[in-house]
Amino acid sequence: MIKNLFFGLLASLLFCSSAVAELTVSQQTAKLSGIALFRQSDWYDSQPPLNVAATAGDIEAQYYLGEAIRLSNRYTTAEAKKWYEAAAEQGSLYAMLRLSNDDDLCGAMGTCSGKTAEEWREQLLAVAHERAAKGDTEAMTVLFTAGQGLSWLEKAAEAGDSYAQQLLASVYKSGGGWFLIPGSREKAIIRWFKSSSEGGNPRGMFFYANYLFDNNGDLKEIAHWVKKAAENGHIDSVSTYAGKLSRPNNELGFPPNLKEAYGLNLLLSKIKSGVAPRDAKRNLPNLEKRMNAEEIKEGIEFAKAWKESHPPLSYFDPIYGY
């Protein structure tokens, strides 16, 4: 009982201390730049701007900086753990979840000090359960990720969390969950991918479009969500959309537009990691052969206008990713 009371008090304190740090304009700009680079899988260049905001006390920057350091080194270094701990002390559930990983090389090498993974896990579960009881869908999703049962993710999805909805549809698609009535699984997958898409989740939009395409869905609906996901910055969707624009009579019915296709491939080519940027670099010379100098110039201008009027390009990888 004493232990439960202690963790209940600790959870309350952590919940109350999770206020967002006040950043200056330059610190906020650095944070947004760092997160944008991180979400493009640029784990090296994202670190300096993230460090600016993390040092100023921003909880989100602290978590992403820890992730960037871990991923660039391929294990949790003492420096990465320092930033995870800074975020966890402000109430970041995902930072606690990362610190609770007892399989990490950092612990095995003895290069990290502080609380053990087991202690972090106890703290994580105490805080997450308290927040979930208050309707916090992120806490519900974290409890699922921490192995506390699929029902937590289902609760988060039912509560309208678009990230949880996309994740739940993906779990069902991979064979998770139980469905006794034939066809129920497919209906559930469509329901949650669609809900995630309508909730504004770009990754959900792309997965929904792909699921419909693989299952002979309505091509107009598929085209709608591919374009919508591209407009929201999803890298693979931008690549798909640009590819369709470059081909006459494409199956999704997009009117061919070489200038827009060129501009989108130009934007993709600037990203340092992933298949889509590599494809874009190969596509640009092929498009140039089909365009005159004025059209290429217009394509470059289209790229500039798109960048200014749309969200930064992103892979939208899971918050607690690989």
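## Residue F316

F316 counts as partly exposed, because its relative accessibility is 25% and the partly exposed class falls between the 20% limit for buried and the 50% limit for exposed. The model described here is a predicted one. F316 is found in the segment that follows α18 (293–309). The phi angle of F316 is near 50°, a positive value in a residue other than glycine.

## Residue N249

A positive phi in a residue other than glycine is also recorded for N249, where the angle is near 55°. N249 belongs to the loop that runs between α15 (235–245) and α16 (258–269). The relative accessible area of N249 is 78%, so this residue is exposed.

## Overall fold and dimensions

The secondary structure of the protein consists of 18 helices and 0 strands. Along the principal axes, the C-alpha trace spans about 75 × 55 × 35 Å.

Of the 322 residues, 47% count as buried. Among contacts between residues at least 6 apart in sequence, 58% join residues at least 24 apart.

## Surface and charge

The accessible surface of the protein amounts to about 16200 Å², and carbon and sulfur atoms account for 55% of it.

Methods
Residues numbered from 1 in each chain as written. Predicted model: local features only at pLDDT ≥ 70, side-chain atom pairs only at ≥ 80, totals over all residues. Heavy atoms only, no water. Helix = DSSP H or I, 4+ residues; strand = E, 2+ residues; numbered from the N terminus. Buried < 20%, exposed > 50% of the residue type's maximum accessible area, 1.4 Å probe, protein only. Contact = heavy atoms within 4.5 Å. Areas by Shrake-Rupley, 256 points an atom, 1.4 Å probe, with all protein chains shown as cover.
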